Amino acid sequence: MSKREQYEEKAEKLIAPIIEENQFELVDMEYVKEGSNWYLRAYIDKPGGITIEDCEGVSRAFSEVLDKEDYIENSYILEVSSPGLSRPLKKERDYERSIGKNVEVRTYQWIDRQKEFVGMLKSYDQNTITIEIEGEEKVLEKSQIALVRLAFDF
C-alpha cells in the first residue's frame, strides 16, 4: 500500500466519528499533490445536500484530530467540501444509489468506435457495469473505464 493510500485510509478512520455524529456520509477522501502543494480532501454529503456551515464544522473538528495525530509527513492543505453533482461513482454505494439512473461513462480506449457512453445503469459487479443504451444492454469492464458519473441534461 502506498503512502498516499495509507494516509487516506487513516484519515477515513479519523473522520468517521465526526461524520457519524453529524449523520453525514463520507463520499471520498483523497490525498493529492497539485503543483507544489499537497491536499487532504474530504468530500461529505447528506440527504438534501451539504451546506458551507456543515463543511466548516467538519473541517474544524477534523483539523483538531489531525493536529493531535500528526501522522502526515508533508505539510498539506485540508479541504472539506460537497462532492458536487458531477462526482464520479467510485464506491459500491455510489453504484447502488445510481441503479436506474442515467450515467455518463468515459473509457480509456475506443470501444465500438467511441469513448463516451450515456445510458441507464442496469447493474454492476466487482469487474463490470451494465448500461442500457436505446434498449440494448452494454457491458463494460471497469478496467476500461476512466470515469463514471451521473448524466445530467441541463
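The dialogue below walks through a few features of this predicted model.

User: How is a pair of packed helices described, and at roughly what angle do the axes of helix 1 and helix 2 cross?

Analyst: Two packed helices are described by the angle between their axes and by the distance between those axes. Here the axes of helix 1 (residues 3-21) and helix 2 (residues 52-69) come within 10 Å and cross at roughly 135°; angles over 145 degrees would count as roughly antiparallel, and helix 1 and helix 2 are therefore oblique to each other.

User: Which residues of helix 1 and helix 2 make the contact?

Analyst: Helix 1 contributes Lys-10, Ala-11, Leu-14, Ile-15, Ile-18 and Ile-19, while helix 2 contributes Val-58, Ala-61, Phe-62, Val-65, Leu-66 and Glu-69.

User: What should I look for in a strand, and how many bridges join strand 1 to strand 2?

Analyst: In a regular strand the side chains alternate between the two faces of the sheet. Strand 1 (residues 25-34) has 7 of its 10 residues buried, so it is largely enclosed by the rest of the structure. It runs antiparallel to strand 2 (residues 37-45), to which 9 bridges join it, and Met-29 has Ala-42 in strand 2 as its bridge partner. The two strands form a hairpin with 2 residues between them, and Gly-35 in the turn has a positive phi of about 65°.

User: In what order do the 5 strands of the open sheet lie?

Analyst: The order is 7-6-5-4-8, with antiparallel pairing. Strand 7 (136-141) and strand 8 (145-150) are the edge strands, each pairing on one side only, and the twist averages 40° from one strand to the next.

Key: Residues are numbered from 1 along each chain as its sequence is written. This is a predicted model: local features need pLDDT of at least 70, side-chain atom pairs count only at pLDDT 80 or more; totals for chains, interfaces and linings use all residues. Side-chain values use heavy atoms; hydrogens and water are left out. Axes are lines fitted to C-alpha atoms, for helices over the stretch in contact, and angles run from 0 to 180 degrees between N-to-C directions. Helices (H or I, at least four residues) and strands (E, at least two) are DSSP runs, numbered from the N terminus. Angles under 35 degrees count as roughly parallel, over 145 as roughly antiparallel, 65 to 115 as roughly perpendicular and the rest as oblique. Contact means heavy atoms within 4.5 Å. Buried means under 20% relative accessible area, exposed over 50%, partly exposed in between (1.4 Å probe, protein chains only). Two strands pair if DSSP finds at least two bridges between them.
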